[in-house]
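Here is a brief report on helix packing and the ligand site. Look over the model, then read on.

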Amino acid sequence: MENELNLLAAEIDKDFETATESKALENLRIKYVGKKGAISAYYEKMGKLSKEERPKIGQLLNSLKNKVESLLTEKLEKFSGNTNNEIIDFSMPGYKLPAGKYHLISQTIRRIKEIFRTLNFDIAEGPEIETEYYNFEALNFPPHHPARDMQDSFHIDKGHVLRTHTSPVQVRTMEKCKPPLKIISIGKCYRNDPLDASHLPMFQQIEGLMVDEDINFSDLKGVLKIFFSEFFQKKTNIRLNPSFFPFTEPSAEVSVTCPICQSGCPLCKKSGWIELFGAGMVDPNVFRNVKYDSEKYTGFAFGGGIERLTIIKHSINDIRHFYENDIRFLNQF
Ligand code: PHE
């Protein structure tokens, strides 16, 4: 049997040398290591061998089998780029590979940063676990303001909260940098709100701050008008309605003309206007807290929700979609 196996080894070498395409390899696989292949047939004959012969023949067979298998993989790899030696048409469209992409909220954040970069705004950051001082006191919240209430803020311990807005970054930045100043800050905020289609306990905000000599309300309006027109990719008018925030005086709610309809859709509740940001002129008390000369400098600030901006831009009906990670939703953007 040993002789037969040596002959078989030579045949294997010859066969693989002459194989030039993957179909021939498949035939060789069947011929040698298939269920009814030559090597398999010899394995079946092992039972009839004497005790002395068996280990030697067994070893020979194993090495033949390994040889065939490694030749198969080696040659298959060689052919796989071009099976059957066919001519490749390089002008054919390729297979589309599934590619990852930015989450819709990240897309919004990147776009906002891009727009403000063209307006020469820097990007500032602050911590999500914030001291009560930065989250409230430095921003002129009176000691018993309802926003400080346990029901609105997540308290970490005495003196620390999960920041309820990005406005503390204003204070931190002004403490570090002298005016003039032009920054935006984007990040996560937390409020103990009941979960529904327009509220989440974690959401993201953008904050803007500009401080210099002679900054006034029309600068605020101009910057916001450019921002919203760029963001919604269409000419957008803005409206400022009187409002109240402890850290701005005067304060305003900023509404934009509905980017979706001309004269009334469910998104703008048929009013044609959508309220998006809070804004105002920095309160002199805030300047005093950061040791800015409030006689010399004035500034504006604005802030609003990233999810809300995204909802309006893409007509999304429920804020919860953003964080449920349903691929059918995410894939649409
Ligand atoms: N921080 C305010 C809020 O969370 C928004 C705001 C920012 C208002 C800056 C005025 C100026 O609602």
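At what angle do the axes of helix α2 and helix α4 cross? The axes of α2 (residues 22-33) and α4 (residues 53-80) come within 10 Å and cross at roughly 170°. That makes α2 roughly antiparallel to α4 (angles over 145 degrees count as roughly antiparallel, 65 to 115 as roughly perpendicular). Axes are lines fitted to C-alpha atoms over the stretch in contact, with angles from 0 to 180 degrees between N-to-C directions. Helices are DSSP runs (H or I, at least four residues), numbered from the N terminus.

This is a predicted model: local features need pLDDT of at least 70, side-chain atom pairs pLDDT 80 or more, while totals for chains, interfaces and linings use all residues. Residues are numbered from 1 along each chain, and side-chain values use heavy atoms, without hydrogens and water.

In α2, Ser22, Leu25, Arg29, Tyr32 and Val33 meet residues of α4, including Val68, Leu72 and Phe79. Contact means heavy atoms within 4.5 Å. The residues of this contact divide into seven nonpolar, one polar and three charged.

Helix α5 (residues 104-118) and helix α10 (residues 306-314) have axes that come within 10 Å and cross at roughly 100°. That makes α5 roughly perpendicular to α10.

| Side chain (N or O atom) | Ligand atom | Distance |
|---|---|---|
| His165 | nitrogen | 3.0 Å |
| Arg191 | oxygen | 2.9 Å |
| Gln205 | oxygen | 2.9 Å |

Taken alone, the ligand exposes 320 Å², and the protein buries 89% of that (Shrake-Rupley method, 1.4 Å probe).

Technical notes: Helices (H or I, at least four residues) and strands (E, at least two) are DSSP runs, numbered from the N terminus. Angles under 35 degrees count as roughly parallel, over 145 as roughly antiparallel, 65 to 115 as roughly perpendicular and the rest as oblique. Ala, Val, Leu, Ile, Met, Phe, Trp, Tyr, Cys and Pro count as nonpolar, Asp, Glu, Lys and Arg as charged, and the others, Gly among them, as polar. A polar contact is a pair of N or O atoms within 3.5 Å; within protein, one must be able to donate a hydrogen and the other to accept it, and residues adjacent in sequence count only if both atoms are side-chain atoms.
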